[in-house]
Amino acid sequence: MRSVPEPLVERVRRRLAADAALPTPENVARALRAEPGVLGPDTVLAVVDQVRRDTAGAGVLEPLLALPGVTDVLVNGTEGVHLDRGQGLEPADVRLHDEAEVRRLAQRLAALAGRRLDDASPWVDARLPDGTRLHAVLAPLAHPGTVISLRVPSRHPFSLDDLVGAGAISPAGADVLRGIVAARAAFVVSGGTGTGKTTLLSALLAEVPARERLVVVEDAAELRPRHPHVVALEARPANVEGQGAVHLRDLVRQALRMRPDRLVVGEVRGAEVVELLAALNTGHEGGCGTIHANSAGDVPARFEALALGAGLPRVAVHAQLAAGLDLVVHLGRARDGRRVVDHVGVLQVGADRVVDCVPAVVLTRDGIREGPAHEVLTRLLEGRGRS
């Protein structure tokens, strides 16, 4: 398909908008008749294709979202588009020509998610119908222009074997993680943004025996484990009138009444931490989730900050952490941009009754290296039926 000048496409777009006409070949041909000179059928089809991309779905970003392995597509105003295919960010051969085009795209995506995006409500955090996570902030709040971030759900959930094949973990490291799942240890997957926490948790949940019932609570549905018995609850934001919100904290309470063999909180980031800690301390073995943290050692402090914000005293936070949560599986990025499982830490109580996360095994590309808490991890797995 031949390329067409952007000014020509913009003039056609304006004529269609003025007539409230859809970008069909007939309507585009009619709009092109107002252009000087004779334009052939190839030009008409090229303009139809361009206008349709600009008025439907993700527009010019659609081909990027369809690329194999893509996890993120990021738009920095008119300064450039980047994508991540698991090896770190790379520039994309796509360009948005002006701020008006970027803004239209952001507003169209927000509308697809049933959300409002304008000067009165200049940001949006929502999920598109296909499961893609949308975040956008309009200019002038964002610089160098309207910013769009799209997180693409995995079309084919990874297994632990897939992660071994991708170099994210060694076979020996995968065996350690299988042991954690088999032992019904309570754990969280920690890491920074974009390190693959949801991907790893989904792979671990696929290792849960088929006879067990998983009840998954998420802010936005992203976990898609290969497991025959998954029940999912998804939070709901308030509507434009500020009504109808359903919070994670409420859904965790509901999940506890649904006879979960394993309670899963997709991402612990707010007041729901109180209900999760309570659940882990009332016989719900094998509970798990993800949490943002720069290192496994930061996880207790992260729990403390979230729980204090929800009204739980510091002493109670650490007491419940010590009694209910066993392990932290931490993810990071290698220097070449790959997402890697970094190490497994054991939560231990210090003399001051404050919980610390002590490394048990360091997971390298070639295998595992024992950490200070290795014996504690071994006893934990052996004590629950897995050596």
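Aspartate 261 is buried, with a relative accessible area of 17%. The model is a predicted one, and every value here is computed from it. Aspartate 261 sits in the loop that runs between α9 (248-256) and β10 (262-265). Its salt-bridge partner is arginine 259, with the closest N and O atoms 2.8 Å apart. Beyond residues up to four places away in sequence, aspartate 261 touches Arg184, Arg211, Glu212, Arg213 and Glu285.

### Salt bridges

The count of salt bridges comes to 22. Three of them are listed below.

| Glutamate 90 | Arginine 85 | 2.7 Å |

In the pair of arginine 85 and glutamate 90, arginine 85 is partly exposed at 38% relative accessibility, and glutamate 90 is partly exposed at 24%. Aspartate 161 belongs to helix α6 (residues 160-165) and arginine 178 to helix α7 (residues 171-182), so their bridge ties together parts that are 17 residues apart in sequence. Aspartate 161 is exposed, with a relative accessible area of 54%. Elsewhere, salt bridges with shared partners join Asp72, Asp84, Arg151, Arg333 and Arg339 into one network.

### Threonine 195

Two members of that network, Arg333 and Arg339, are also contacts of threonine 195, which touches Leu331 and Gly332 as well, leaving aside residues up to four places away in sequence. Threonine 195 is found in the loop between β7 (187-191) and α8 (197-205). At 6% relative accessibility, threonine 195 counts as buried, because the cut-off for buried is under 20%. Its side chain reaches the backbone oxygen of glycine 192 at 2.7 Å. The C-alpha atoms of threonine 195 and glycine 86 are separated by 9.0 Å, although these residues are 109 residues apart along the chain.

The largest nonpolar core has 37 residues, of which Leu177, Ile180, Phe187, Leu200, Leu327 and Val329 touch the most other members. α8 supplies the largest share of this core, 5 residues. Leucine 200 is in contact with Leu160, Leu163, Leu177, Val189, Val329, Leu331 and Val341, apart from its neighbours within four places in sequence. A second, separate core of 34 residues includes Leu233, Ala235, Val268 and Ala293.

Conventions:
Residues numbered from 1 in each chain as written. Predicted model: local features only at pLDDT ≥ 70, side-chain atom pairs only at ≥ 80, totals over all residues. Heavy atoms only, no water. Helix = DSSP H or I, 4+ residues; strand = E, 2+ residues; numbered from the N terminus. Buried < 20%, exposed > 50% of the residue type's maximum accessible area, 1.4 Å probe, protein only. Contact = heavy atoms within 4.5 Å. Polar contact = N/O pair within 3.5 Å; in protein donor to acceptor, adjacent residues only side chain to side chain. Core = buried A, V, L, I, M, F, W, Y, C linked by side-chain atoms within 4.5 Å. Salt bridge = Lys/Arg side-chain N within 4 Å of Asp/Glu carboxyl O.
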